[in-house]
Every structure is written in structure tokens, then in C-alpha cells.
Amino acid sequence: MPDIRDALLVARDSEGRLIRRPLSPHLQIYRPQITTVLSIFHRLTGIALSVGTLLFVWWLVAAATGPEAYARAQGFIGSPIGWLLLFGWTLALFYHLFAGMRHLAWDAGYGFQKHEYLRSGQAVVIATVVCTLLAWIVGLALR
Amino acid sequence: MSETGKASSSRGVEVAVMRSQLGRVRGLGAAKSGVHHWWGERVTGVALVPLSLWFVFAIIRLLGAPHAAVLDWMASPVTIVLMLCLVVATFHHMHLGLQVVVEDYVHTESLRFLLLLSIRGLTAVLALLAVVSVLRLGL
């Protein structure tokens, strides 16, 4: 036994024989629930945002390089693909932001009751959609 | 459980444990750390709440703006400082987050090492590119 946690996995079956306790079933056995789905999305949006930083750095470097490089980057961002990426980026950002704040509340010890984490999960989804749309409406109106 | 490093159940099953009880309580394995990573992720996360909200609104206003508008925006020391905070917090947070993803899902030792090293290098280079660009635009 390399670790005491392994000792905790030792048990006896109904015949009295020593066995290792079974591990929890694999992911695909479980019905998707708001808790698990939102958790996976938190990770997925984190990875997506990481990829999105490439666009962010490209834009910054281009702006610092000069007007021509900036125009090239701006040309891509202004294209339909660019707009789509940008919209996806704001959606992922707001999701990761609100889900992250939910995680911070849990870290502080709040929101573990069943009705609380169900409601906070729904709140994260609603806040994401509302804030994404609001950011674009306000942003486009201010242009 | 006894102090001698043995775990036993009420039915008398006894298993040798290669770890002292003190080591278990202290919770520091061979890495000698763990809480540091956890706190780093949280502290940068808290910082990124206001910073990323500020950035989203700033960037949407700059959509399709000419080069001069970006220079104008970056001329303010407040913008420079907030951008630098955003860049540092973002890439630190990103490094810690991606590191956990790799540690969770990549089990081949060589590939895991390569990916962790790449993530460390890439996030550092991206952060430096962003910092230098911000300084060059604003100063």
C-alpha cells in the first residue's frame, strides 16, 4: 500500500472475503445534471478562452507594430468569422466569470444546499445570456 | 489507526502504510506544496472579475475603430495599468488552469511533461508579448 487512502478502499464482500471497494461508475453512466454539465462547461470555456488569448495577443501586437499590421488584424476581426469568434469569446468569458464566482462562493463555504446550488446554477446561465447580449447592445450603441 | 503506520479495520484487516501519520496530517506530498496553486487560481480569479468586465466593454467600443483610436485609448496611464494587470492575471490564471487540465487527463508521463512545459513557456511568451505591446502603445 503506497498510501493510506488505498487502505480505505479495502473491504469485505458478503462472503467475508477481502476485496477492494468498487470505484464510482464511469461518466457516461450518469444522467447529465445541472451541476455536472455546468462544471464541464466551466472547464471547456476555460480552455476556449485560453485559445482566445491568441487572438487577443495578435490584436495587441499588431496595434503595437503599426497601422498596416493593425489593419490586417482588424480585417480578420471585422470578418464574419471574426465577429463569430468575438461573440463566442464574450459568451465563454461571461460564463466562465459567473461560474467562477459561483466557485468562489463555494470556496468560502456558501451555497452547498441542494436548492442553493440548483438556483445558483440557473442564475449563472441566465446571467451569461443576459450580460452577453447586454454587452453587445451597449457596446454597439456606443460606437 | 495506529501511530506505527498501519491501518486496521474493526475486523482485523491490517495493511502496511508507507506514510507517517504526521506526513498525512501536514498534507504535503513530494510536491511540498498544493495550497499555493489553489490560492493562485483564486486570487487571480477574483482580480479578473472587475478587470475582464472592464476589458469587455472597452474592447466592444473599439470594434472596428481605426489605429489612432487604439493609441488614444492606450494613452491614459489608467488604461496601461489596467491592461498590465489584466495581462498578468489572465496568463497566470490560464497557466494554472491549463496545468490542472493536463494533470487530470494526460497520464503518459513523457507527454504530460512536454505539455506542462509547453503551457508554461507559451503562457509566459504570450504574456510578455502582450506586456511589451501595451508598453509600446502607451509609453
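Q: Where does B:Ala75 sit?
A: B:Ala75 is in the loop between helix 3 (67-74) and helix 4 (77-105) of chain B. Helices here are DSSP runs of H or I with at least four residues, strands are E runs of at least two, and both are numbered from the N terminus.

Q: Before going on, what should I know about the model and numbering?
A: This is a predicted model: local features need pLDDT of at least 70 and side-chain atom pairs count only at pLDDT 80 or more, while totals for chains, interfaces and linings use all residues. Residues are numbered from 1 along each chain as its sequence is written, with chains lettered from A and ligands numbered from 1 in the order in which they are written.

Q: Thanks! Is B:Ala75 buried or exposed?
A: B:Ala75 counts as exposed because it has 12 C-beta neighbours inside 10 Å.

Q: What's the pattern of chain B along the sequence?
A: Chain B reads β-β-α-α-α-α-α.

Q: Switching to the interface, how many residues are in contact?
A: 34 residues of chain A are in contact with 34 residues of chain B; contact means C-beta atoms, placed from the backbone, within 7 Å.

Q: Which helix of chain A gives the largest share of that side?
A: Helix 2 of chain A, with 10 residues.

How values were computed
Two residues are in contact if their C-beta atoms, placed from the backbone, lie within 7 Å. A residue is buried if 20 or more other C-beta atoms lie within 10 Å of its own, exposed if 12 or fewer, and partly exposed in between; C-beta atoms are placed from the backbone.
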